[in-house]
Amino acid sequence: MRSIFLPKSLLAAALGGVVVLAGFGAQNATAGQSSTVSVAAASDDDAEMRFLELANLISQSCAPDVSGSTDDVASASTADITAAEPTPDSTMPILVDEVPLTTEEQCAAERHARRISRAFSGTDTATYEEMQEKLTSLHYPAARIYRMPDFSGEPVARLDLRVGADRLALEVTGTYLGVMVEAFGAPEGVSVTEVRLKPQLDAPTS
C-alpha cells in the first residue's frame with residue numbers, strides 16, 4: 001500500500017485544527033465545571049440568606065427585657081467556664097457539656113421547635129434523607145443540618161441555629177407520628193455534634 005504524505009503546510013493546519021478543537025473542548029468542560037460550582041455556591045448562599053432572615057424575624061419577636069439581660073449574661077459566662085476542656089491526646093471524639101440558653105434563645109427555640117413539629121406532624125419520617133429534605137424545605141440550610149446516630153431505629157439530626165454569639169441548637173428525632181425536638185446550647189467553636197446532652201427526665205405521672 002502506498003503511503004500518503006501531506007505537505008507540511010496542510011499537516012500543520014490539520015494539527016492546528018485538532019489543537020484548537022481540543023482546547024475549545026477543554027474550555028467548555030472547564031466552563032461547565034465552573035458553572036456547576038458557581039450554581040451550587042449560589043444555592044448555598046441563598047439558603048443561608050433565607051435562614052438568616054428567618055432567624056432574625058424569630059429573634060425580633062423574642063426580644064428580651066432589659067431587666068433579664070444581666071442574668072442571661074452571667075449564666076452564659078458561667079457555662080463557658082464549666083464546659084469540658086478538649087483532651088489533645090485523645091483519639092476519641094471530644095464531647096462537651098451543653099450550655100444554658102438565654103431567655104431570648106429559649107423563646108426562639110420554642111418557635112423553631114413549633115414550626116418544625118407542625119411541618120412533620122402526622123408523618124412517619126423513616127430515613128435521615130427524608131428528614132433532611134423536609135428541614136431544608138423549612139429554610140434550614142443543609143450545611144446547618146448534621147446527621148446523628150439513629151435512636152431506636154429512628155433518624156436523628158441536629159440543627160446549628162447559632163448566629164453571631166448565639167448558642168441555640170436543636171436535636172430532631174423522628175417518631176412514627178412526627179418528630180421530637182429538643183433545644184440545647186452549643187458552646188462557641190464546638191460542633192453541635194460534639195455536645196453531650198443531659199438526660200431528659202420524664203414528667204411525673206401523678
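**Fold, sheet and pockets of the predicted model**

From the N terminus on, the elements of the protein chain follow the order α-α-β-α-α-β-β-β-β-β. The chain thus described holds 4 helices and 6 strands, where helices (H or I, at least four residues) and strands (E, at least two) are DSSP runs, numbered from the N terminus. The structure is a predicted model, in which local features need pLDDT of at least 70 and side-chain atom pairs count only at pLDDT 80 or more, while totals for chains, interfaces and linings use all residues. Residues are numbered from 1 along each chain as its sequence is written, and side-chain values use heavy atoms, with hydrogens and water left out.

Of the 206 residues in the protein chain, 29% are buried; buried means under 20% relative accessible area, exposed over 50%, and partly exposed in between (1.4 Å probe, protein chains only). Among contacts between residues at least 6 apart in sequence, 56% join residues at least 24 apart, a contact being heavy atoms within 4.5 Å.

An open sheet of 4 strands has the order β2-β3-β4-β5, and its pairing is antiparallel. The edge strands, β2 and β5, each pair on one side only. From one strand to the next, the twist averages 25°; axes are lines fitted to C-alpha atoms, for helices over the stretch in contact, and angles run from 0 to 180 degrees between N-to-C directions. Two strands are taken to pair if DSSP finds at least two bridges between them. In general, the strands of a sheet pair through backbone hydrogen bonds, either parallel or antiparallel.

Strand β3 takes part in two of these pairings. With β2, β3 pairs in the antiparallel sense over 5 bridges, and Met148 stands opposite Val156 in β3. With β4, β3 is joined by 5 bridges, again in the antiparallel sense. Here Val156 stands opposite Thr173 in β4, and Ala157 stands opposite Val172 in β4. Strand β3 is mostly covered, as 6 of its 7 residues are buried.

Helix α3 lies across β3, β4 and β5 and runs at about 25° to β4. Helix α4 packs on the sheet and touches β2, β3, β4 and β5, its direction making about 35° with that of β3.

Most residues other than glycine have a negative phi. His139, which is not a glycine, has a positive phi of about 75°. This residue, His139, lies in the loop between α4 (128-137) and β2 and is partly exposed, with a relative accessible area of 35%. Ser152 likewise is not a glycine and has a positive phi, of about 50°. Ser152 belongs to the turn of the hairpin formed by β2 and β3, which have 2 residues between them. At 67% relative accessibility, Ser152 counts as exposed.

Pockets were located on a 1 Å grid over the protein atoms alone: a pocket is an open set of points where a 1.4 Å probe fits, with protein on both sides within 12 Å along at least five of seven lines, and lining residues have an atom within 4 Å of a point. Grid points are joined across faces, edges and corners, and a volume is the space filled by probe spheres set on the points.

The largest pocket contains about 390 Å³ of space. Its lining comprises 14 residues, of which Phe151, Glu171, Thr173, Glu182 and Leu197 lie nearest the centre. Two or more residues of this lining come from each of β2 (145-151), β3 (154-160), β4 (168-175) and β5 (178-185). Strand β2 gives the most to the lining of the largest pocket, with 4 residues. The lining of the largest pocket divides into 7 nonpolar, 2 polar and 5 charged residues; Ala, Val, Leu, Ile, Met, Phe, Trp, Tyr, Cys and Pro count as nonpolar, Asp, Glu, Lys and Arg as charged, and the others, Gly among them, as polar.

The second largest pocket contains about 280 Å³ of space. It is lined by 16 residues, and Ala55, Ser59, Glu104, Val163 and Asp166 are the closest to its centre. Helices α1 (8-61) and α3 (103-120) each supply at least two residues of this lining. The largest share of the lining of the second largest pocket, 5 residues, comes from α1. By residue class, the lining of the second largest pocket consists of 8 nonpolar, 4 polar and 4 charged residues.
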